[in-house]
Amino acid sequence: MRKVSGLLLLLLQLVAVISCVNTKIDSSEKKALNQEEEVKKPIFSLGLKTDPKTIAPADQVRLFLEIKKNDGTVVDNFEVVHEKLMHLFVVSSDMEQFFHLHPEKQAGGTFIETASFPEGRYKAWAGVRPKGEGDLNLSATFDVGHPFVRPNRLIADTIYIKEIDDTRVTLRLPSKEMKAGEAIMLNYVLTDPSTRRSIKDLEPFLGEMGHLMIISEDGNEFVHSHPMSSSEAEFGVVSFHVEFPRAGRYKAWAQFNKGGKILTTSFVLQVG
Ligand SMILES: [Cu+2]
């Protein structure tokens with residue numbers, strides 16, 4: 001009996017030691033995680049001011065944008081990305097409005113853009129590459145008028161065909177369900193709806209045969225993709241390689257240059 005209780009005691013001690021080790025691992029892991037979070041803390045943010053401060057629908061408004069560092073300094077040195085220093089995507093909270101703008105950089109680092117917007121709450125995504133840094137996509141919000149804002153709910157498209165300016169744009173999705181974190185190919189096929197022939201006069205737009213901007217339903221995830229080299233733009237097919245950060249619905253805007261005219265098309269996608 002004594003032997004058994006001695007064994008039991010040993011076992012209990014062993015369990016205690018193991019759980020102690022476990023706790024230690026847990027706390028050190030936590031520490032490592034915290035450090036990682038600190039490292040990941042964004043160094044840059046987007047400063048946005050408008051003139052006028054209160055914006056009425058359809059009124060001309062000037063947007064002043066600054067890329068700021070944590071210490072408050074304004075970044076003034078940028079690399080050209082796709083022919084521009086800044087690509088600004090302004091999207092309404094219901095994702096019905098989409099603007100692709102190119103603000104002009106001023107001395108000192110402030111970018112200025114003049115535009116007008118229908119009533120709504122807007123998120124402005126600025127795509128920039130500060131010298132020596134990677135690509136940044138930073139966002140800031142502003143209101144136009146007195147928008148009634150509710151959580152956005154997108155309805156996934158079931159038919160992936162749209163016609164714009166005498167061009168039929170068909171999005172060919174992968175045959176399998178699209179999953180977050182997987183490499184996915186989105187093929188856009190551009191045809192002439194009357195002849196059903198492929199569009200052959202696609203031209204580069206900002207240095208690429210197409211641009212694809214994807215935003216999650218809640219407006220928190222932003223993905224910008226460019227065509228793969230395997231695209232056959234001369235046959236009206238432009239392929240994008242994308243990876244969705246998480247499951248949910250996304251709105252995807254694709255832009256093409258057809259004989260000097262910019263075509264913008266959008267679809268809502270469901271990602272499992
Ligand atoms: Cu752009």
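**Figure 1. The loop that holds Pro 52.** Pro 52 lies in the loop between β1 (44–51) and β2 (61–69), where strands (E, at least two residues) and helices (H or I, at least four residues) are DSSP runs numbered from the N terminus. The peptide bond joining Asp 51 and Pro 52 is cis, with omega about 5°. Most peptide bonds are trans, and most residues other than glycine have a negative phi. The structure is a predicted model, in which local features need pLDDT of at least 70, side-chain atom pairs count only at pLDDT 80 or more, and totals for chains, interfaces and linings use all residues. Residues are numbered from 1 along each chain as its sequence is written.

**Figure 2. The chain as a whole and its confidence.** The chain contains 1 helix and 17 strands. Of its 272 residues, 24% count as buried; a residue is buried if 20 or more other C-beta atoms lie within 10 Å of its own, exposed if 12 or fewer, and partly exposed in between, with C-beta atoms placed from the backbone. Two residues are in contact if their C-beta atoms, placed from the backbone, lie within 7 Å. Among contacts in the chain with a separation of 6 or more, 61% are accounted for by residues 24 or more positions apart. The mean pLDDT (the predictor's confidence in each residue, from 0 to 100) is 87, and 85% of the residues reach 70 or more. Where pLDDT is low, the predicted coordinates should not be read in detail.

**Figure 3. The largest nonpolar core.** A nonpolar core is a set of buried Ala, Val, Leu, Ile, Met, Phe, Trp, Tyr and Cys residues joined through C-beta atoms within 7 Å. The largest such core has 44 residues, of which Ala 126, Tyr 188, Tyr 250 and Ala 252 touch the most other members. Strand β7 (residues 120–128) supplies the largest share of this core, 5 residues. At least three residues come from each of domain 1 (44–144) and domain 2 (161–271), the bounds being taken from an automatic or database domain assignment. With neighbours within four places in sequence left aside, the contacts of Tyr 188 are Val 169, Leu 171, Gly 210, Val 238 and Ala 254. In soluble globular proteins, nonpolar side chains tend to be buried together.

**Figure 4. An open sheet of 4 strands.** The strand order is β4-β3-β7-β8, and the pairing is antiparallel; two strands pair if DSSP finds at least two bridges between them. The edge strands, β4 (98–101) and β8 (136–144), each pair on one side only. From one strand to the next the twist averages 20°, with axes given by lines fitted to C-alpha atoms and angles running from 0 to 180 degrees between N-to-C directions. Strand β3 (residues 87–92) forms 4 bridges with β4 in the antiparallel sense, and Val 90 is placed opposite Phe 99 in β4.

**Figure 5. Strand β13 and its two partners.** In β13 (residues 211–216), 6 of 6 residues are buried. His 211, Met 213 and Ile 215 point one way from the strand, whereas Leu 212, Ile 214 and Ser 216 point the other way. Antiparallel pairing with β16 (residues 248–258) runs over 6 bridges, and Leu 212 stands opposite Ala 254 in that strand. Pairing of β13 with β14 (residues 222–225) is also antiparallel, over 4 bridges, with Val 223 as the bridge partner of Ile 214. β13 and β14 form a hairpin with 5 residues between them, and Gly 219 in the turn has a positive phi of about 80°.

**Figure 6. The surroundings of Met 185.** Met 185 belongs to strand β11 (residues 184–191). It counts as partly exposed because it has 13 C-beta neighbours inside 10 Å. Residues up to four places away in sequence not counted, Met 185 touches Pro 174, Ser 239 and His 241. Met 185 and His 241 are 56 residues apart in sequence, yet 4.7 Å apart in space, C-alpha to C-alpha.

**Figure 7. Two loop residues with positive phi.** Glu 83 is in the loop between β2 and β3, and its phi is near 70°. Glu 83 is exposed because 12 other C-beta atoms lie within 10 Å. Arg 196, in the loop between β11 and β12 (202–203), has a positive phi of about 65° although it is not a glycine. With 8 C-beta neighbours inside 10 Å, Arg 196 counts as exposed.
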